[in-house]
Amino acid sequence: MSEADVIERSADKVAHENQKLHKRLCRQVGQAIGDFNMIEDGDKVMVCLSGGKDSYALLDILLTLRERAPIHFEIIAVNLDQKQPNFPADILPAYLTKLGVPFHIENQDTYSIVKRLIPEGKTTCSLCSRLRRGILYRVADELKCNKIALGHHRDDILETFFLNMFFGGKLKAMPAKLVSDDGKHMVIRPMAYVKEADSERYAEVKQFPIIPCDLCGSQENLQRKQIKNLMREWEKKYPGRVESIFSSLSTVVPSHLMDQELFGFKDIKADGVASPLGDIAFDEEPCSTPTMGTIPLQPM
């Protein structure tokens, strides 16, 4: 086989893998939309575009699915320019104009507000996020969008779950669909089933014009970084563990937790009727992990 043949075969293989990735993302996003009834006929969806890999992927896949969908819905891309130093304000308008997608750039100097209120060296992400959320809700009203789409993926959801459990004492993740705290907006996360690794590779394939997320100079969320590293270590040493944990978020057994508001423990009685959810109280847990396969909380 000649060198030219090898190069051509290699290029064909790469193209095939890229096509498989695109199909997988379309399938996963479509499944999430269907499972949670995220988008309906006549919706006007505001896609929040930050300039990061995930929001680019979200917009790209939604545009593909809209062409195939049996329903009609509108898409408008919205970016919030928070006046961070060195923010390349021309990149997103140029990209969206070339793509032919309706868009709106909202200019709000939240950077100055955050810098004024947060002491030097402290993490600014929490206040920045609250300000951004309020602005985006207002913009959604002004644009008459009834759905707000965010680019959070599967790993974001799991990281939030572990952050809440380890540091907040709650079994709480990041829902795929929710009503906003003001009760007026529906927020959806169509990328809920997508792995971050796939989103990263898709961004490389599509060559999205990525805008760095550290322009504000804020410290990285160290707790989230720890969780991210922990999950990567688990997946590396125990393939399938992360997927299993993610599946558990949609397979909840309230009677085997301890939330008294979620399940009426005080009112249950032994009525002599067998239950498939009953506990085998004195037996070894059938799903217990063998010693050889235990997952360390700290990476080795």
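User: What angle do helix 6 and helix 9 pack at?
Analyst: Helix 6 (residues 154-168) packs against helix 9 at about 75°, and their axes are 11 Å apart. Axes are lines fitted to C-alpha atoms, for helices over the stretch in contact, and angles run from 0 to 180 degrees between N-to-C directions. Helices (H or I, at least four residues) and strands (E, at least two) are DSSP runs, numbered from the N terminus. This is a predicted model, where local features need pLDDT of at least 70, side-chain atom pairs count only at pLDDT 80 or more, and totals for chains, interfaces and linings use all residues. Residues are numbered from 1 along each chain as its sequence is written, and side-chain values use heavy atoms, without hydrogens and water.

User: So why is helix 6 called roughly perpendicular to helix 9?
Analyst: Because of that angle, helix 6 is roughly perpendicular to helix 9; the label covers 65 to 115 degrees.

User: Which residues meet there?
Analyst: R154, I157, L158 and F162 from helix 6 meet V242, E243, I245 and F246 from helix 9, with contact meaning heavy atoms within 4.5 Å.

User: What about helix 8 and helix 9?
Analyst: Helix 8 (residues 222-237) packs with helix 9 (residues 241-248) at about 120°, with axes 7 Å apart. On the helix 8 side, M231, W234 and E235 meet R241, V242, E243 and I245 of helix 9.

User: How do strand 1 and strand 2 run, parallel or antiparallel?
Analyst: Strand 1 (residues 44-48) and strand 2 (residues 74-81) run parallel, joined by five bridges. C48 has V78 in strand 2 as its bridge partner.

Technical notes: Angles under 35 degrees count as roughly parallel, over 145 as roughly antiparallel, 65 to 115 as roughly perpendicular and the rest as oblique. Two strands pair if DSSP finds at least two bridges between them.
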